[in-house]
Each structure stands twice: as structure tokens, then as C-alpha cells.
Amino acid sequence: MKRLPMLINGKWVGDQNDEWLAVFNPSSGEKIAEIVNGHEEHVDEAVKAAQLAFDSKEWRSVKPYERGHLLVRLANHLRENKTEWAEMESQDVGKPISQALGDIEAAARYFEFYGGAADKVMGETIPIEDGLLNVTVLEPLGVTAHIIPWNYPIQIMARSVAAAIATGNAVIVKSAEDTPLTAHALSEWFAESGLPKGIFQHLTGLGSTVGAALSGHPGISHVTFTGSVSTGIQVMCTAAKNVVSTTLELGGKSPNIVFSDAPEEKAIEGVVKAIIQNAGQTCSAGSRVLIEESYKEAFLKKLVKRFNELSIGPGHSDPDIGPILNKRQYEQIMEKIEEAKKDGSIIAGGNAVTVEGYENAYYIQPTIIDGLSHDSAIAQQEIFGPILSVFSFSTVEEAIQLANGTDYGLVSGIWTQNIDTAHYVASKMQSGQVFINNYGAAGGIQMPFGGYKKSGIGREKGFVALRNYTQIKNIAIQFSN
Ligand code: NAD
């Protein structure tokens, strides 16, 4: 059992005078580590150190391509040690080891992508009039806060931290209470990387204290947050008091729309994977499937068969479905399943599972619910478990109405071989990403990702995310001869 200190101003912080919080392996329920229950003074110390580091000559003299080299070096380190990193992530989150390996590769891709972009963040020259040269310069913001959820810790950390460092900011990471291991390991790497102290710092503790203090600190210039809608709103309100921008990624209730001419095998696998990935504890999970009425019975028969074949077990045994994070998450999922039993019918799964040898952990069968009203809470709310709700439609317009009929708008999947239908429906989707005959293409490091409606504000991933961490300065230079 390890005690993991925080990294503040180049020093390891956490000793016997601090309060420590336990961290558990969701696959077994075993205690695997302890983190410091940080407090407001830690936040203040970290922000002041980051401000000094950001303004230092030492950091200003690091050239953009050198920041890029550093990030690429980190990408290489992750790839060279991927087994160790994946085991750590799997232990912490409970996810199947092959999915954890995928997360390490995705994190490496973020560091590599933004490392490569570091010396290509350019302004413009804007024609005004003769004798006036007008240019824009993209400058870093200063100190950026990164509040990380528990479901994809290393991936979500990598995507915003890489973009922020590439553009020259000083970053402070607040990892989730339940899953701090890879954030701590990253802080170890950064501590040895040669970066000026204070450019990368890591804080642990409760969201309500450390998270809130960080998002409300006047020394922070931008907050990037991924998590629940209610916490996202709090973060935004807190940051707004300092007139500070936020990037919010707040989850979804994403639909897969299956037309009767769908490429069947691909569609079945796509719909299954979209909901079972990380046991459904995924913001972009495809948690609703909308099937053309005439095709519903045939498609569902195959889908149910596939669900019943899925394996459940601890992350290290690499099952299709790993454990649920903790008791709190498990209870809220089971409550929703019980509610669904009253309002609809369970056509696959629907029960908790005891895995032999892992009785202190929480496992739930992949579940399909049919017959719900689309207005019901289960059809509308993010459940964050391996639970799929089924609906049907008779016309393209009805499919569009159902797909857009929640407060969320993160991702949509469209399964059809009709090019007109595919393009028309894509054009009508109120979601930040649309996938046609696939779902979640290749991890999508280069593709802008973010939400319409309550799924969030701003975009992460791709070149566009570099703009989250820069501000534009316009310089007009008048000259004469
Ligand atoms: P959360 O939104 O409460 O926590 C996410 C992060 O925010 C954590 O690091 C947490 O410490 C921090 N935080 C909490 N309160 C804060 C505050 N007042 N100010 C600043 N930071 C704060 O999520 P949770 O409690 O871990 O999970 C609850 C639900 O959120 C889940 O059931 C799920 O529906 C949703 N969720 C969504 C995502 C996603 O990827 N969109 C990820 C995790 C959880």
C-alpha cells in the first residue's frame, strides 16, 4: 500500500500531519493507496508557485519546439512502459487491461500530437491599409487548472495537459479522489523531466475543497473540467467570479440510430462496444439505441444474444466488462435498473453479479431495457453503467426527434448504407460528434470533441483545443518612409 504525496512547487507534499484518503481497486475492493486530503492552503501555494514559474525567465526561454520535444519524450516513455502504466490504470479504475492499454496509447498520442503542434501555433497578418502592419500573436494564458474525473484519468489528463504545456502555460492537475495513480506517476515523470518547478503540479483531495478552491482561485486563468453537469455548473459559476474561461465536458445520453439497411454485423458490434466500454462509465457511451420499427425485432434478437455472451470479471482478467467504480456508483445504477423494471421490460441482464474471489467488488450484467417512455428519467439521464435503453422509430424525422430529444448532445451514431439518409441525419444531429457506420473512430485524438446543449462548452482534442490555452494579442505597427 503506497502513500502518494502531491507535487507542489517541485516538492513532495504530504506527511504524518496530513489527513490521508484511501484509494481502492474497483476489481477487488482492496485498498491500494492513500492520497493527501489536500486543503485550500495547498491550492494557494500551488497557484503562487505556478504564477512564478510561468513568469520566470527560465520558462520563457524554453522554445516552443523544446516544449514539443519534452511532450514527445513523455509519449515515448508511456509507450516504452505501456504494460506498467496500463496495469496501474486498470488497478485504479478497474477497467479491462486491453482497454487500459488503449488508454495509454491514447495518452501517448495526445502528448505526441500536441508536442508536434507546439511550434505551429501561429497568428495572422491582417491587411488594414498602406503603412500599417497588423499581426496577431497567440500568447499562453498563464496558470491553467485541470480537474479530472475518475473514468478515463490518464487520457483526459493527457488531452488537456499536453495542449496547455504545448502552448506555454503552467498547469495544475486535480485528480479524482478515486483514481489518482496515473496522475501521481505523471507527476513523478514531470518532477524528473527538467521542466522548471511549478510548471506541472498535482493536487489531490476532495472536489468540494481542493477542486472548488482551484476553480475559484484568482491566480487561475482557465479551468478545464470533465465530470457531471451539476459539478460543471458549479465550476463555471466559481470561475466566472474571476472572469475566467472554462472548458466543460459533461457527459451525454448518446444515441445510435439503426436503420433497416444498416451494415448489420458492424452495427451490432458498434452498438455493443459503445455501451460496454469501461462498463458504460464513459461520457460518450452510446446509452440509447433507436431502431427502425420494421427491423427492431430482428436486430434486437441478435443484440440480446451478443449481450448474453459478454464476459464479466476483474480488470486484469481482461473481460468484456469490468467492475463498477464503487458502491455509490453501483447503488445509483441498480436503483435505475429497479425503476426500469417497473416502467419497462428488461430483455438482457438486469442483475448484479458476484464474481468468485472478488466478492467485495461491484459487478453488473450488461443490460438492455425495452418499452420505456422516452420521457422517463432512465431514458433521459446519464446512468454511467452498462445499461442500454431501446426505442423505435417509423420515419427519419421521428429518428431525428428522438435522437435530439434529451438535454445532452455529445455523440451520435448513424447506421445505414443509404448515403442520403446518412448525410441528412448527420446534418440534423445536435451533437458535437457524429459517426456514420462506426462509433468513436480510432480514439479521435485529432477530432474536435465536446458537447452541444448540456454536454458542455468548448472543444477538446485536435488543433482547435490549442485555442483553449491561448489568448490573442493584436499588434498594429505603423511605418513611414
Ligand atoms: P464529479 O463531477 O463530482 O467529479 C469530477 C471531478 O470534479 C473530480 O475530480 C472531483 O473531485 C471534482 N469536483 C467535485 N466537486 C467539485 C467542485 N465543487 N469544484 C471543483 N471540482 C469538483 O463526478 P463524480 O462525483 O466523480 O461522478 C458523478 C457523476 O458524474 C457520474 O455518475 C457520471 O454521471 C458523471 N461523470 C461524468 C464524467 C464524464 O466523463 N463526463 C466523468 C465522471 C463522472
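User: New to this one. How many residues of domain 1 are in contact with domain 2?

Analyst: In this predicted model, 21 residues of domain 1 are in contact with 27 residues of domain 2.

User: Where do the two domains run in the chain?

Analyst: The domain assignment gives domain 1 as 2-250 + 458-474. Domain 2 covers 255-442.

User: And how far apart are their C-alpha centres?

Analyst: The C-alpha centres of domain 1 and domain 2 are 31 Å apart.

User: On to the inside. How many residues does the largest nonpolar core have?

Analyst: The largest nonpolar core has 86 residues. Leu 78, Phe 111, Tyr 114, Ile 172 and Leu 203 have the most contacts inside it.

User: Which helix gives the most to this core?

Analyst: Helix α5, residues 97-117. Eleven residues of α5 belong to this core.

User: What does Leu 203 touch?

Analyst: Leaving out residues up to four places away in sequence, Leu 203 touches several residues, including Met 6, Ile 8, His 42, Val 43 and Ala 46. Ile 172, Val 173, Lys 174 and Ser 175 are also among the residues it touches.

User: What about the second core?

Analyst: The second core is separate and has 57 residues. Among them are Ala 348, Ile 369, Ala 399 and Val 411.

User: Is Ser 175 buried or exposed?

Analyst: Ser 175 is buried, because its relative accessibility is 2% and the cut-off for buried is under 20%.

User: Which side chain makes a polar contact with the side chain of Ser 175?

Analyst: That of His 202, at 2.7 Å. Setting aside neighbours within four places in sequence, Ser 175 is in contact with Ile 148, Pro 180, Ala 183, His 202, Leu 203 and Thr 204.

User: Switching to sheets. What is the strand order in the open sheet of three strands?

Analyst: The order is β1-β5-β4, and the pairing is mixed.

User: Which strands stand at the edges?

Analyst: β1 (2-4) and β4 (20-24) stand at the edges. Each has a single partner strand, so one side of each has no neighbour in the sheet. On average, neighbouring strands are turned by 30° against each other, direction ignored.

User: How do β1 and β5 pair?

Analyst: In the parallel sense, over three bridges. One of the residues involved is Lys 2, whose bridge partner in β5 is Ala 33.

User: What sits between β4 and β5?

Analyst: A loop that holds Gly 29. Gly 29 is partly exposed, at 31% relative accessibility.

User: How far is Gly 29 from Asn 326?

Analyst: Their C-alpha atoms are 8.2 Å apart in space. In sequence, Gly 29 and Asn 326 are 297 residues apart. As for contacts, Gly 29 has Phe 24, Asn 360 and Ala 361, leaving aside neighbours within four places.

User: Another spot: which strand holds Pro 255?

Analyst: Strand β12, residues 255-258. Pro 255 is buried, at 4% relative accessibility. Apart from residues up to four places away in sequence, Pro 255 touches Arg 288, Leu 290, Ala 403, Val 411, Ser 412, Gly 413 and Tyr 439.

User: Last topic, backbone angles. What is the phi of Val 243?

Analyst: Val 243 has a positive phi of about 50°, although it is not a glycine. Val 243 is in the loop between α9 (229-240) and β11 (245-249). Val 243 is exposed, with a relative accessible area of 78%.

User: And what about the phi of Asp 318?

Analyst: Asp 318 has a positive phi near 50°, and it is a residue other than glycine. Asp 318 lies in the loop between α11 (293-309) and α12 (327-343). Its relative accessible area is 33%, so Asp 318 is partly exposed.

Notes. Residues are numbered from 1 along each chain as its sequence is written. This is a predicted model: local features need pLDDT of at least 70, side-chain atom pairs count only at pLDDT 80 or more; totals for chains, interfaces and linings use all residues. Side-chain values use heavy atoms; hydrogens and water are left out. Helices (H or I, at least four residues) and strands (E, at least two) are DSSP runs, numbered from the N terminus. Buried means under 20% relative accessible area, exposed over 50%, partly exposed in between (1.4 Å probe, protein chains only). A polar contact is a pair of N or O atoms within 3.5 Å; within protein, one must be able to donate a hydrogen and the other to accept it, and residues adjacent in sequence count only if both atoms are side-chain atoms. Contact means heavy atoms within 4.5 Å. Two strands pair if DSSP finds at least two bridges between them. Axes are lines fitted to C-alpha atoms, for helices over the stretch in contact, and angles run from 0 to 180 degrees between N-to-C directions. A nonpolar core is a set of buried Ala, Val, Leu, Ile, Met, Phe, Trp, Tyr and Cys residues joined through side-chain atoms within 4.5 Å. Domain bounds come from an automatic or database domain assignment.
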